[in-house]
Amino acid sequence: MVTLGTTARLVSNGSWLSMCRLSWVAGLTLALPAAVGLMGFSVALAGCAFLWALGGSATQPTLALLGYSLGVLASLGSALMLPKLWRFGQGDWLMRSTASLLRYARGQAPEVDARVADWAEAIKQSLTSGDHDEVLVVAHSSGCIAAVAALSQAVKDTEEKQRITKPLSLLTLGQCIPVLSHQPEAKAFRMALSHLGGTEALTWVDLSAPPDACCFALSDPCATPHAVGGPTVSVKRLSPRYAEQMDSNSYRELKSNKLRCHFQYLMAFKSPKYYDFFSWVCGPQTLAQTTQQFQSVTNFSRFRW
């Protein structure tokens with residue numbers, strides 16, 4: 001019910017179509033769990049009805065028994081295959097995450113608001129403290145949404161009292177920000193997104209991989225069909241270049257495991273060439289210094305309508 005209800009809301013409010021225009025791969029990923037469920041149910045129902053009718057119309061008891069048996073086997077086969085297809089589509093965590101974002105868009109997630117407020121206060125304390133040479137916020141997947149909300153609030157609170165002089169950076173990995181920013185009700189979040197996109201003191205690097213079907217690969221995280229006004233600074237969009245950092249067998253296995261592919265951003269490579277999570281986040285350089293030799297990918301349109 002959560003899957004069908006969540007998918008129905010995405011389709012009915014137009015957000016699913018707008019997300020498909022930004023990345024049809026991400027759009028299909030969001031629709032896959034519901035499609036798998038409906039497909040399994042339809043196949044089981046159609047097979048059972050057809051074979052049951054075949055058995056009922058048979059004049060010989062043997063044929064009737066055979067028809068009934070095939071109907072039962074078709075139903076059992078669909079029931080056994082459906083969980084495998086569901087796991088392949090990563091339906092459980094994907095739909096739970098999407099449903100929680102829709103609640104957040106409607107202002108029905110006070111526990112998330114409280115946690116974002118706590119993070120905003122922690123970031124603010126780091127910005128005003130003299131103990132750090134850089135304030136780096138790192139977020140992955142749907143956590144990028146919370147990072148945007150918290151960092152925007154922290155910047156606003158800090159700039160009310162003083163100018164930000166300390167290097168401030170945001171690293172978003174495998175972001176799915178459009179799942180929330182494309183919701184008609186998410187006005188507050190779009191304001192935070194627009195504010196953060198226009199913060200000149202911020203270095204924002206967005207890293208996403210085209211093989212990762214659970215993110216909006218190399219798309220502008222600030223892009224939204226609902227105009228909020230105001231200029232935005234350039235978000236540097238980069239790819240981790242999985243294919244160039246892994247041997248062919250490892251890369252093939254990575255692409256076949258959608259969940260692993262989505263979490264590879266947080267894992268080490270045997271021989272990193274372009275991207276290494278640990279040196280980027282824990283190394284001696286700021287994020288701007290670490291990524292200064294890379295050009296932003298602004299012309300990726302393979303997944304756009």
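**View 1. R241 is partly exposed, at 35% relative accessibility.** Buried means under 20% relative accessible area, exposed means over 50%, and partly exposed lies in between, using a 1.4 Å probe and protein chains only. R241 has a phi near 55°. That is a positive value in a residue other than glycine. R241 sits in the loop between β4 and α10. Helices (H or I, at least four residues) and strands (E, at least two) are DSSP runs, numbered from the N terminus. The model is predicted: local features need pLDDT of at least 70, side-chain atom pairs count only at pLDDT 80 or more, and totals for chains, interfaces and linings use all residues. Residues are numbered from 1 along each chain as its sequence is written, and side-chain values use heavy atoms, with hydrogens and water left out.

**View 2. L218 also has a positive phi, near 55°.** L218 is a residue other than glycine. Its place is the loop between β3 (202-207) and β4. Is L218 buried or exposed? L218 is buried, with a relative accessible area of 5%.

**View 3. Four strands form an open, parallel sheet.** The order is β1-β2-β3-β4. Two strands pair if DSSP finds at least two bridges between them. Why is one side of β1 and of β4 left without a neighbour in the sheet? β1 (135-140) and β4 (236-238) stand at the edges, each with a single partner strand, so one side of each has no neighbour in the sheet. The twist averages 15° from one strand to the next. Axes here are lines fitted to C-alpha atoms, for helices over the stretch in contact, and angles run from 0 to 180 degrees between N-to-C directions.

**View 4. β1 and β2 run parallel, joined by six bridges.** Strand β2 covers residues 168-173. Find V137, then look across to β2: L170 stands opposite.

**View 5. The largest pocket holds about 310 Å³ of space.** Rolling a probe the size of a water molecule over the atoms shows where empty space is left. On a 1 Å grid over the protein atoms alone, a pocket is an open set of points where a 1.4 Å probe fits, with protein on both sides within 12 Å along at least five of seven lines; lining residues have an atom within 4 Å of a point. Grid points are joined across faces, edges and corners, and a volume is the space filled by probe spheres set on the points. Of the 18 lining residues, Y104, D113, A149, A188 and F189 are the closest to the centre. α5 (91-105), α6 (110-128), α7 (143-159) and α9 (187-197) each supply at least two lining residues. The lining has 11 nonpolar, three polar and four charged residues. Ala, Val, Leu, Ile, Met, Phe, Trp, Tyr, Cys and Pro count as nonpolar, Asp, Glu, Lys and Arg as charged, and the others, Gly among them, as polar.

**View 6. The second largest pocket holds about 270 Å³ of space.** Its lining has 15 residues, and the closest to its centre are M246, D247, S250, R260 and K270. α10 (242-245) and α11 (248-256) each supply at least two lining residues. The largest share, three residues, comes from α11. By class, this lining has four nonpolar, five polar and six charged residues.

**View 7. The structure holds zero disulfides.** A disulfide is a pair of cysteine sulfur atoms within 2.5 Å. The sulfur of C261 is 8.0 Å from the closest cysteine sulfur, in C215, which is too far for a bond. C261 is buried, at 1% relative accessibility. C20 is buried too, with a relative accessible area of 2%.
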